[in-house]
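The tour goes from one selection to the next.

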Amino acid sequence: WGEDCFSECMKALDLSDPEVNKITDAGWEPLLAERKRQIQEKDLQLPENFDPEMKKLAIEITKDATNDYDKAVAIQNYLKENNIYCKDVAKPPEGMDAVSYFLFESREGYCTHFASAMTLLCRAAGIPARYVEGIYCNYEKKEENKYLILGSDAHAWTEVYIENFGFLTFDATPGYDATYADWEKHERKGGPVLAQNVMPQKETEKVKPQTAVVREAPLKKRI
């Protein structure tokens, strides 16, 4: 995760040597340090009544990881492998935190639960993270240069800050994935979007971890 790795990543984006040198120049260090400070101040915040058991869980999950990226992957995998995707979830008992109930009691939830849990666990592990809501769009399917977006395509995921790389997308919901799409292929320019054509089974069914249905099909109802 040092300067050499960062420079290689910049070159992989087909940037010229002068462009890479400008980005990695020492003159950027104060700006990057200030940006890091601002991100940590905002995206490491935890509620005043934060469950200490969640802190213990975050430490346990990430104990074998040696960098923030591997810690985030470990948290994502833990949530995918130990919790069930389900839209019909019970409400937590009165006075109990919803994320704590999801992690330690019900172990069932939909995207909002998984994204909230990943965001809080990352923060508890000392990794800046933010909760994101948007859509899960199938860019392969379009008509007359338009994409059909439905309310049922709403989704939630987590963006994790990795120093020298910025915010990277992680999706802890079973049956979903997050990746950097080929924007040129989709006639677009921009940043990361969610991977396509991966969805849970019918929303009325409980989906066991890692049993997502992968289909080449138009968008279906999903969260």
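The model is predicted, so local features need pLDDT of at least 70, side-chain atom pairs count only at pLDDT 80 or more, and totals for chains, interfaces and linings use all residues. Residues are numbered from 1 along each chain as its sequence is written, and side-chain values use heavy atoms, with hydrogens and water left out.

Next, select residues 111-124, which form α7. Helices here are DSSP runs of H or I with at least four residues, strands are runs of E with at least two, and both are numbered from the N terminus. The expected span of a helix is 1.5 Å times one less than its number of residues. For the 14 residues of α7 this gives 20 Å, and the end C-alpha atoms are 20 Å apart, which agrees.

Now colour α7 by burial. Buried means under 20% relative accessible area, exposed means over 50%, and partly exposed is in between (1.4 Å probe, protein chains only). In α7, 12 of the 14 residues are buried, among them H113, F114, M118 and R123.

Pick the cysteines C111 and C122 in this helix. C111 has a relative accessible area of 2%, and C122 has 0%. A search of the whole structure for disulfides (pairs of cysteine sulfur atoms within 2.5 Å) finds 0.

Finally, zoom out to the whole protein. There are 7 helices and 9 strands, and buried residues make up 40% of the 223 residues.
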